[in-house]
Amino acid sequence: MNTQQTSPRLECLIFDNKFTRELPADPEQENYRRQVEQACFSRVRPAVVSQPEKIACATEVAELIDLPDSECDSQLFADVFSGNALLDGMDPYAMCYGGHQFGNWAGQLGDGRAINLGEVINKEGDRWVLQLKGAGPTPYSRDADGLAVLRSSVREFLCSEAMFHLGIPTTRALSLVSTGEQVMRDMFYDGNPELEPGAVVCRVAPSFLRFGNFEILSSRGDINTLRLLLDYTLRTDFPHLGTPSQEVYLQWFEEVCRKTAEMIVHWQRVGFVHGVMNTDNMSVLGLTIDYGPYGWLEGFDTDWTPNTTDANGRRYRFGNQGQIAQWNLFMLAQAIYPLIDEPEPLQKALASFAENFTAGWSAMMANKLGLHEYQPATDDELISELLTVLGLLETDMTIFYRRLADISTATSLDDSDSELIHPLIDAYYEPAQLDDEISKSIAGWLRKYIHRLRQDGLDNHQRVQQMNSVNPKYVLRNYLAQLAIEKAHEGDYSMVDELLDLLRNPYAEQPGKEQFAEKRPDWAREKAGCSMLSCSS
């Protein structure tokens with residue numbers, strides 16, 4: 001492993017690896033697959049690759065760790081963030097955790113293809129963990145190779161940053177680096193594996209701790225290490241809660257419940273479907289983590305899931321994300337129960353999740369509709385009817401809400417149904433299917449909506465500003481990501497950069513970029529990568 005340093009900027013990164021310094025390590029130094037007990041992590045070095053090349057860098061994330069733009073173009077940058085070189089102070093490791101996958105306990109999982117390089121302290125005193133995804137095998141890789149392919153890496157890199165700029169809590173992505181290696185993958189799990197170009201994403205977050213980090217320790221009865229991990233988490237990521245104690249443990253769980261509810265409400269706001277809401281993919285910081293077979297609603301459908309593995313049960317469908325989050329929190333509550341030893345306060349915290357999620361969802365929907373505030377007496381029915389209307393005809397959710405802002409309160413309620421619906425026409429995939437019955441239902445709802453807006457009192461300018469600040473014009477549509485992937489496979493990374501730049505301002509009009517706000521084209525309905533995806537995607 002090459003550890004030579006040549007860049008003064010990269011050499012200036014300050015590492016303070018509190019996780020590996022304060023928590024128990026796996027005593028075994030060899031990198032082979034095994035069960036790791038009474039430890040929170042295993043030290044492991046990334047695999048060396050043949051030809052690392054930077055594809056893209058999110059300069060805003062580089063700034064978080066005090067790296068100037070110029071550093072992103074250096075060969076050392078590509079070497080470090082592919083795993084070929086280690087900087088002084090790095091202490092690479094993979095975390096041990098378990099998880100419930102699709103509702104079933106899966107035992108030990110762990111960082112099977114993720115390696116944490118270390119924790120950078122920036123000039124503001126903030127702590128940022130650098131993690132390589134696809135950097136080779138770890139003790140937790142089981143039967144896998146620990147690598148990642150270009151298509152999944154492009155999707156993770158772009159979506160991490162897209163979500164951040166949408167205002168959604170998320171891990172960030174610093175870099176996307178090709179490795180020069182070929183990786184065997186069976187994209188469709190149909191027995192036809194193919195070689196694909198390999199890549200590594202550097203993910204950045206204050207912490208990558210998951211519900212599963214606590215679950216694995218509790219499941220093994222390792223209460224001492226469980227307490228050490230929770231105390232560490234409180235001191236490092238939740239210091240405002242005070243000195244660790246039983247009372248503070250409960251306050252922490254309540255905060256995790258609240259942050260998780262806020263995150264899911266944001267997902268629902270923009271039509272994002274995670275696809276794999278297993279407990280090992282749930283961050284205790286309430287961050288969106290692990291971008292695998294995610295997707296964005298194209299036609300509005302609360303039952304849609306992007307995950308081919310979930311095609312039958314649809315456990316992780318769009319409309320079920322709030323319930324699944326609460327179920328996952330219940331599993332976390334069970335994991336920390338030995339430190340509380342009282343069910344009632346944990347049950348109370350879980351109940352608070354439902355309350356926070358319901359209130360947050362209602363307020364979010366009021367914002368999307370441009371209402372000054374949510375009023376249950378009128379808005380419960382208005383929103384319920386809207387969800388029915390959205391399902392009458394294949395409707396693009398993103399375009400619908402964006403165009404809804406064009407409906408003026410000055411519109412006459414006596415206008416014909418077709419005149420009322422006209423501002424929304426681009427949201428419908430098959431506008432010819434707007435027969436009299438469907439048109440009557442949509443226009444009927446619009447009349448109620450306009451009446452409600454008039455009662456609310458916001459002028460049109462204020463309302464449009466509010467709606468356009470929460471209803472994005474641009475999201476990382478599934479087919480756009482696939483187009484970028486196909487170009488990248490040909491060695492053309494221009495669309496990765498173009499989408500990264502576009503998604504930095506998802507609420508702005510961006511003249512000349514309107515083609516990126518259009519509905520999914522017909523060719524993308526069944527095309528691989530444009531609809532449902534496997535976990536290898």
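This is a predicted model: local features need pLDDT of at least 70, side-chain atom pairs count only at pLDDT 80 or more; totals for chains, interfaces and linings use all residues.
## Helix α12

Helix α12 spans residues 397-404 and is mostly covered, with seven of its eight residues buried. The buried residues are Met397, Thr398, Ile399, Phe400, Tyr401, Arg402 and Leu404. They pack against five helices: α8 (246-270), α10 (343-368), α11 (376-390), α14 (436-456) and α15 (460-470).

The N-terminal end of α12 is capped by Asp396. A side-chain oxygen of Asp396 lies 3.1 Å from the backbone nitrogen of Thr398.

## Helices α9 and α10

Helix α10 also packs with α9 (residues 321-340), at an angle of about 160 degrees and with the axes 10 Å apart. Angles over 145 degrees count as roughly antiparallel, and α9 and α10 are therefore roughly antiparallel to each other. Their crossing is right-handed.

On the α9 side, the residues that meet α10 are Gly322, Ala325, Gln326, Leu329, Phe330, Ala333, Ile336, Tyr337 and Ile340. On the α10 side, they are Pro343, Pro345, Leu346, Leu350, Phe353, Ala354 and Phe357. By class, this contact has 14 nonpolar residues, two polar residues and no charged ones.

## Arg127

Arg127 belongs to strand β7, which covers residues 127-133. What does the side chain of Arg127 join through a polar contact of 2.6 Å? The partner is the side chain of Glu119. A polar atom of the Arg127 side chain also lies 2.7 Å from the backbone oxygen of Asp16.

Leaving aside neighbours within four places in sequence, Arg127 is in contact with Asp16, Lys18, Glu119, Val120, Ile121, Ala205, Pro206 and Thr236.

Technical notes: Residues are numbered from 1 along each chain as its sequence is written. Side-chain values use heavy atoms; hydrogens and water are left out. Buried means under 20% relative accessible area, exposed over 50%, partly exposed in between (1.4 Å probe, protein chains only). Helices (H or I, at least four residues) and strands (E, at least two) are DSSP runs, numbered from the N terminus. Contact means heavy atoms within 4.5 Å. A polar contact is a pair of N or O atoms within 3.5 Å; within protein, one must be able to donate a hydrogen and the other to accept it, and residues adjacent in sequence count only if both atoms are side-chain atoms. Axes are lines fitted to C-alpha atoms, for helices over the stretch in contact, and angles run from 0 to 180 degrees between N-to-C directions. Angles under 35 degrees count as roughly parallel, over 145 as roughly antiparallel, 65 to 115 as roughly perpendicular and the rest as oblique. A crossing is left-handed if the near helix is turned anticlockwise from the far one by less than a right angle, and right-handed if clockwise. Ala, Val, Leu, Ile, Met, Phe, Trp, Tyr, Cys and Pro count as nonpolar, Asp, Glu, Lys and Arg as charged, and the others, Gly among them, as polar.
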